[in-house]
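Subject: Structure for your review

Dear colleague,

Please find below the sequence and structure that I am handing over to you. My findings are set out after them.

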Amino acid sequence: MGFLFFLLVAAAVAESAYGHDDYRGSSSLQLPLFHPRSGELEQFAAPITAVLDHDVARVRFMNSKLDGENFTRYPGVGGLIGGKSIGVPVNPGLSLGVGNYYTRIGIGTPASYHLVVVDTGSSFSWIQCQPCDIFCHAQAGVLFNPATSGTYRRLKCDSPECSSLKKATLNSPVCTTSNGCIYTATYGDQSYSIGYLSQDSLIIGSASLPGFSFGCGQDNEGLFGRSAGLLGLAKSELSLVSQFSKRYNYAFSYCLPTLNGAGGFLAIGGGSGRGYQYTPMLTDARDPTLYFLRLSAISVSGRPVPVSGSAYSTRTIIDSGTVITRLPPAVYSAFRTQVVKFISSKFRSTGAFSILDACFAGSLKQIAPVVPPIQLIFQGGAALNLSPQNALYEVKPGTTCLSFAGNSNPDDVTIIGNQQQQTFDIIYDVANSRIGFASGGCR
């Protein structure tokens, strides 16, 4: 009865304070969004073990950054400056390339089209460019050639965009001998992109958006899969959403399809018009670019997992590039016990697989009928009602695991991963500081 009362009160608060109203932007642009292990990049997909290893690296860096730890590396940029090789201190960002969804964008006039990963944990966008003065990793499709675009230009070191690089990439820009602005974008797995801060027209769907600021990469090394680059959706001045917030609404939405699904999309400027359930979008001074929210409860088969409310007090982010949801240790332990109780009644438990420690002998299709209803409930009453496909991950034929993991440190950040976000239409309404969820966005 107490939990039912909580849900009723939460729903009433959500209705009055944050609403279930439709978000209908005055205009929006839409792109198809593809699963990282499907479509044109399927043949280059990393093994599941590599995906999970890089998931660990991404989560480790997020916690290090939020805890104020500083990491530096020194890739040389001298080949772009024109003088002798020098090193600049840089800070690694998030691991990319193996767990991120991707889309296709056009750059330049006339446009050339490129597959790029989409990441809510990154604020800066870049693609590999000819002539690749130092190194370009193998990518699907041709490299962007700035010389063939009539609207391309490099930005100067005294431009306001160059001044915004520190916040967007965590690294200070470097100036060439001709006052050009060099960016350095680095990631938690030691991958990096270095090149010229540039502007050109960005093609999204049928719309051409002039003056898009991005990195024209000349030294791009690491684990980016076969993507041409990255589209950053976090909250700095140089992110895609921020750059076009005056022309379109300061919002975006997406639906992440399942491996064998369809209909995934990324919409810039608004949502689909579905009835969203909203929760407040929170900020954290330690990284104001990430999307924070508050997880307030988890229920299994209609009952809250038996933990105190204080167990949910850690910071929570929602992230498109983290695959496996991370929970506080006490919450995960109680949640795992409840779910395993249902599944183990029909299927034999097996050993752990990488970071996943609740695995069973059986395929996802076989186990799905015994998976109990699971709800992730957020501040204000908004909820993700998870399907078996959201809750389980078939790591190899005949072995399926619970797609959640517990943090080793109770103070580590809670992360809502992309496995749990799949098929939901999720809107990031930055202008109104709220995040909304609607079911049935794609499959």
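Predicted model: local features only at pLDDT ≥ 70, side-chain atom pairs only at ≥ 80, totals over all residues.

Residues are numbered from 1 along each chain as its sequence is written, and side-chain values use heavy atoms, with hydrogens and water left out.

Overall fold. The protein chain has ten helices and 29 strands (DSSP runs numbered from the N terminus: helices are H or I of at least four residues, strands E of at least two). Of its 443 residues, 59% count as buried (under 20% relative accessible area, with a 1.4 Å probe and protein chains only). Contacts are heavy atoms within 4.5 Å; among those between residues at least 6 apart in sequence, 73% join residues at least 24 apart.

Cavities. The structure holds three cavities of 30 Å³ or more. A cavity is a set of points, on a 1 Å grid over the protein atoms alone, where a 1.4 Å probe fits but cannot get out; lining residues have an atom within 4 Å of a point. Grid points are joined across faces, edges and corners, and a volume is the space filled by probe spheres set on the points. The second largest cavity has a volume of about 40 Å³, and its lining includes Ile105, Trp126, Phe212 and Leu230. Strands β2, β4, β10 and β11 each give two or more residues to that lining.

His114. This residue belongs to strand β3 (residues 112–119) and is buried, with a relative accessible area of 2%. A polar atom of the His114 side chain lies 3.2 Å from the backbone oxygen of Val142.

Largest pocket. A pocket is an open set of points with protein on both sides within 12 Å along at least five of seven lines. The largest one holds about 500 Å³ of space. Of its 21 lining residues, the closest to the centre are His35, Leu259, Tyr393, Glu394 and Gln419. Elements α2, β24 and α10 each supply at least two lining residues, and β24 gives the largest share, four residues.

Yours sincerely

Key. Buried < 20%, exposed > 50% of the residue type's maximum accessible area, 1.4 Å probe, protein only. Polar contact = N/O pair within 3.5 Å; in protein donor to acceptor, adjacent residues only side chain to side chain.
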